[in-house]
Amino acid sequence: MFTYRLELTNSCFGSFFPHLGRGLPLRHEGSTKPSKPFDFFGSECVDLALVVAAFVLAEIDQAWDRPGQDPPYLMVHYEPSSKQGAVTMSEFPISFTLEFPYTRTPGPVIGRFLTGLRDGRILGIRSGDRILCPPMEFDPDTCETLALDFVDVGPSGTVENWTWIAEPTSKHPIQEPFAFALVKLDGADTVMTHAVKASGPEAISTGMRVTAQFREERVGAVTDVYFVPEADAEKQSIEPGEGEVEITTHTISLPYTDTLYPHSARFAQGLLDGKFIGQRTRDGTVSFPGKGYDALARVVLTEADDVELPPVGTVLSYTTIAPIQYKGQTETEPYLTAIIILDGAGQTLTPQDIRNIPTDEFRVGMRLRAVFKPAAERDIDNVDNDWMYPSIGNVVDHWESSGEPDCPLDELPESV
Amino acid sequence: MRDIAIIAFGQTENKRTERLLNEAEMIAPVVGDLLKSVGLKRTDIGFTCSGSSDYLAGQPFSFVMALDALGAWPPINESHTEGETAWALYETWVKMQADEEIETALIYGFGRQSMGSPREVMTLMNNPYLEAPIQPDTISQAALQARVMIDKGIATEKDFAEVAVRNLKHAKSNPLAQCSGDFDAETLLKDPTIASPLRKHDCPPITDGACAIIMAAGDKARELCKRPAWIRGIEHRIDVQALGQRDLSECPSAKLAAEAAGVSKGKVDIAELHAPFTPQDIILQKALGLGDDTVINPSGGIHQGNPMMGTSLVRIGEVANRIINGEADRGVAHGSQGPCLQQNIVTVLEGE
């Protein structure tokens, strides 16, 4: 078994812009593996973690690709696993998506604007002798509240400023090369940031005329509209919707990738093996899971500090959860969830669901034992580097009474 | 007004990707070395304040995890700014003005951009009803700003490239720099644009890194540091958020902050500008009233590294270090956040 260290280097410009591009080749160094340079996807030497890590790095920001230059490369150092220490990569790549499905009330001004877009109209608001579009709730100069005095503007206007996006991200409103522009609509005194669909950067210029085009499906959002060169605009006849737009939704979805840090990887491997692995800190308490360092003594902890905790603990608290329905919720019936501290641990486990013990039999101080799933059914898909809410994966089938008498309430172990 | 100075600054090497250390592990050695350099124990620090953003690494309460770098036990007097760390330093400065019992303070910032997609993350700072849904990312917005400057005849694409050339040249003397080297503008201009008229050299690098500063008041600063960098002015101002409401070729809030901080009250030897994109460097030089006698970004500026959320603190630290070691007598550090230099903070530092 080998561990490896990745080093990011860049053959162009020495230390200049040491980022990674797409399709990067890998080079490898060291004597314990065949020392031939190898291609990224073609090599038998590359295992999953490396491929994922490299792919991830390449994905990070396409804006930093540099066509026409020598591609940067990954330098891989192979080391015997006995040397495994703080600077080796774990074999557990992780990735997750942070999602926030926001539902917002737009208020009387933005609400009218979004209602207008749904109905094929673009509305500005009067602020003194100016018309602001998009409308604002307050005069940007004086902060005075503006009266709800709306004016139709557009649907054509003038490009005040633009930039050509040659490679749109998957989040951009137009999935082919397009322009972002600041558009001053006819009748408005301020400009709106929006997307312009044009054949190429030569088809757009400062001062050019553009016209709003409304999408077939409109939901009362700023994305209901986009712009095209005035000459390309199609005549649209739009049926107004019903009522005012009072709710607008906006889902934020952000991808992240990482690898489990070495101590987290040993913790995760322990879970797969049906063991709870923590780390003993200098004051004798066991951090579970380990953090890789001792936060009080401020020293790095290593594999030598790993300790296995028994799968037995005490209930410190519990509650019944009546599941409310939200995006991603899978529970429908009330269930028990308990705060359990393993014997010898300095921290409690994240709340553990209890499905097999009736609520009226459950109590604080109860002694419980974790019953692991069969090895083939254990997974650590949701284990990550987060120690504030550390997951113990999907390895425990259920918790059962250990058969011991309850811990007296005045002798409950302390925890942080 | 209580005299408060920066007495030490440190930062990690600026790396494109730090895959082996978490935030606390990145910060811990910086803080440890810094305390040692001024002969303080962690328990000597009167107030601690940090700056970061949970969105960068996608981890809730990452600033709480980062506290592990400090050994925060017994409990410490601590605060956090969800944003650029220059504002955490400002909070600390205000706190030290109000509470004379605080003699020393630690400010640290960190960013680990490599885990996520910075270009997508930063669109979240836009108006969530009117702008964020169409994803005007930071590069696109800065490109709009650049175009205004070109259309108004204020600067050319070559001027933008010259900013990168200058920064990269200065970064050669910075051992912690991520990007550095000798380039010429003509060659850089042969690159394709990412968001026209911006090319890669006009954009900030993506960096994983951390930085920290120790501040001290009055005689305590003189006791701990031979030549403290005294804060003679620190002010921040904000422009309206929507790009359409502003003349993007100017930065009124930076100008106001510079006036309030007293930038023009003396000769400015050096200035560190937090201009993520090269056109913004040109805008800021004008807004801050900097002339030819000021060396701009001696550290390499944004090109030396962009540990986002810590980047503005690095600007202050790089000016402070040059005053502490006697290279400069008076300097200006600028920090910014928000779309197209929306929010600006200006710090004036002087040696005695």
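**View 1. Helix α2 of chain A sits mostly under cover, with 9 of its 12 residues buried.** This is a predicted model, so keep that in mind for every view here. Which residues of α2(A) are the buried ones? They are Val109(A), Ile110(A), Gly111(A), Phe113(A), Leu114(A), Thr115(A), Gly116(A), Leu117(A) and Arg118(A). The cover over these buried residues includes a set of chain A strands: β5 (122-127), β7 (150-153), β10 (192-196), β11 (209-214), β12 (225-229) and β13 (248-259).

**View 2. A quick length check on α2(A), end to end.** The helix covers residues 107-118 of chain A.

**View 3. Three strands of chain A make an open sheet, ordered β15-β14-β18.** The pairing is antiparallel. The edges belong to β15 (286-287) and β18 (306-309) of chain A, each of which pairs on one side only.

**View 4. Zooming in on where β14(A) meets β18(A).** How many bridges join these two strands? There are 4, linking β14 (residues 276-280) to β18(A), and the strands run antiparallel. For a landmark, look for Ile277(A), which stands opposite Glu308(A) in β18(A).

**View 5. Helix α3 of chain A lies across β14 and β18 of chain A.** The helix takes in residues 262-272, and α3(A) runs at about 145° to β14(A).

Note on methods:
Residues numbered from 1 in each chain as written. Chains lettered and ligands numbered in written order. Predicted model: local features only at pLDDT ≥ 70, side-chain atom pairs only at ≥ 80, totals over all residues. Heavy atoms only, no water. Expected span 1.5 Å × (residues − 1). Buried < 20%, exposed > 50% of the residue type's maximum accessible area, 1.4 Å probe, protein only. Contact = heavy atoms within 4.5 Å. Pairing = 2+ DSSP bridges. Axes fitted to C-alpha atoms, helices over the stretch in contact; angles between N-to-C directions.
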